[in-house]
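Here are my notes on the model. Please read them with the structure open.

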Amino acid sequence: NRTLGLAVAQMGAVNLADSREAVVGRLIEMLREAKSRGAEHVVFPELALTTFFPRYWIEDQEELDRFYEKTMPNPQVQPLFDEARKLEMSFYLGYAELTPEGRRFNTSILVNKAGNIAGKYRKIHLPGHSDHKLDAPFQHLEKKYFEVGDLGFRVFNLDETLFGMCLCNDRRWPETYRVLSLQSAEVVVLGYNTPSVNIHWNEPVHLRTSTHLISMQASAYQNAVWVAAAGKCGSEDGFHMIGSSVIVAPTGEIVARAITEEDEVIVTKADLQIGENFRQHVFNFAKHRSPEHYRLIVER
Ligand code: CDT
């Protein structure tokens with residue numbers, strides 16, 4: 001059977017005062033650990049290079065721009081690309097993108113074993129709000145700081161494995177996985193930053209973790225894909241985010257789960273045939289799907 005050495009590199013907090021160099025150093029350390037434990041591919045979190053800045057109302061443009069990458073790789077991130085190429089590892093990385101035209105996206109990339117960017121995704125389901133919520137304990141300003149992604153949900157052949165990408169809130173939407181699965185994705189990789197506290201209503205904290213897991217477990221099974229999810233978690237300058245980074249098999253079972261809220265690597269040898277079995281039988285799309293009955297799904 002075809003297998004993939006698949007790792008998720010969960011990150012503990014990145015505080016406002018932490019430099020890019022320090023953060024990239026942590027990523028490199030986890031990349032090396034993943035390699036030593038048999039991984040070929042590592043998934044890093046959403047907005048992995050900075051603190052989760054959408055929690056702050058920032059008026060000063062220069063201050064805001066510091067959270068975005070204007071080029072990728074750039075000199076500060078280059079050491080990660082260099083080390084991955086040296087180790088013959090591929091990776092997924094999330095970061096805030098500022099284009100030469102001044103457009104802002106919540107972005108992720110796939111970098112192949114040769115060190116080249118082989119795929120890019122810009123987050124489609126942007127949660128939160130764009131107004132300043134003065135009564136809230138913190139903000140969730142993704143709708144202010146990012147445009148809705150313009151690249152769609154695409155699948156990339158990365159060193160002979162078919163990868164689909166998404167970011168954080170996308171993982172809660174069944175359409176995300178279905179569109180990727182319809183393009184024969186074998187592995188869906190994603191990063192997330194999920195505040196433990198819901199600022200909109202009094203949601204019990206344990207539900208933040210259970211809805212995170214149930215979304216990915218159901219979607220992995222229903223779409224016959226592996227799902228690998230890397231969180232940035234713990235307390236960033238006092239603002240707590242959930243951990244529980246996981247690797248989920250196409251059976252819906254969690255095969256690896258982080259137990260800390262720190263930098264932590266989890267690894268599995270993913271058997272890609274498991275997904276293929278489901279795709280040939282119960283979820284044989286060509287044989288059993290009935291899209292003529294699904295029209296409502298794509299209507300506004
Ligand atoms: N980063 C991100 O998308 N976080 C959201 C928080 C939802 S509450 C506004 C998530 O779905 O985890």
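The points below go from confidence and annotation through the strands to the ligand shell and some backbone details.

1. Basis. This is a predicted model, in which local features need pLDDT of at least 70 and side-chain atom pairs count only at pLDDT 80 or more, while totals for chains, interfaces and linings use all residues. Residues are numbered from 1 along each chain as its sequence is written.

2. Confidence. The chain has a mean pLDDT of 98, with 100% of its residues at 70 or more; pLDDT is the predictor's confidence in each residue, from 0 to 100. For the complex the predictor gives a pTM of 0.98 and an ipTM of 0.97.

3. Annotation. An unreviewed UniProt entry carries the annotation "domain: CN hydrolase" for residues 4-274. UniProt positions are in the numbering used here, feature names are shortened, and annotations may be inferred rather than shown by experiment. Over residues 4-274 the chain is 28% strand and 24% helix, and the end C-alpha atoms lie 12 Å apart. Helices (H or I, at least four residues) and strands (E, at least two) are DSSP runs, numbered from the N terminus.

4. Open sheet. In the order β6-β7-β8-β9-β12-β13, 6 strands form an open sheet with mixed pairing; two strands pair if DSSP finds at least two bridges between them. β6 (155-158) and β13 (254-257) each have a single partner strand and stand at the edges, so one side of each is left without a neighbour in the sheet. On average, neighbouring strands of this sheet are turned by 20° against each other, direction ignored (axes are lines fitted to C-alpha atoms, for helices over the stretch in contact, and angles run from 0 to 180 degrees between N-to-C directions). Within the sheet, 5 bridges pair β7 (residues 161-167) with β8 (residues 187-192) in the parallel sense. Phe 163 has Val 187 in β8 as its bridge partner.

5. Strand β3. Of the 9 residues of β3 (residues 90-98), 8 are buried, so the strand is largely enclosed by the rest of the structure. A residue is buried if 20 or more other C-beta atoms lie within 10 Å of its own, exposed if 12 or fewer, and partly exposed in between, with C-beta atoms placed from the backbone. β2 (residues 41-43) pairs with β3 in the parallel sense over 3 bridges, and His 41 has Ser 90 as its bridge partner in β3. β3 and β4 (residues 104-111) run antiparallel and are joined by 8 bridges; Tyr 92 stands opposite Leu 110 in β4. These two strands form a hairpin with 5 residues between them, and Gly 102 in the turn has a positive phi of about 85°.

6. Ligand shell. Which residues surround the ligand? They are Glu 46, Pro 127, Gly 128, His 140, Cys 168, Asn 169, Arg 172, Tyr 192, Asn 193 and Thr 194, where near means a C-beta atom, placed from the backbone, within 6 Å. The shell divides into 5 polar, 3 nonpolar and 2 charged residues. Here Ala, Val, Leu, Ile, Met, Phe, Trp, Tyr, Cys and Pro count as nonpolar, Asp, Glu, Lys and Arg as charged, and the others, Gly among them, as polar.

7. Cys 168. This shell residue is in the loop between β7 and α5 (174-181). Its phi is near 40°, a positive value in a residue other than glycine. Cys 168 counts as buried, with 27 C-beta neighbours inside 10 Å.

8. Asp 159. The loop between β6 and β7 holds Asp 159, which has a positive phi of about 50° although it is not a glycine. Asp 159 is partly exposed, with 16 other C-beta atoms within 10 Å.

9. Cis peptide. The bond from Met 72 to Pro 73 is cis, with omega near -5°. Pro 73 is in the loop between α2 (61-65) and α3 (78-87).
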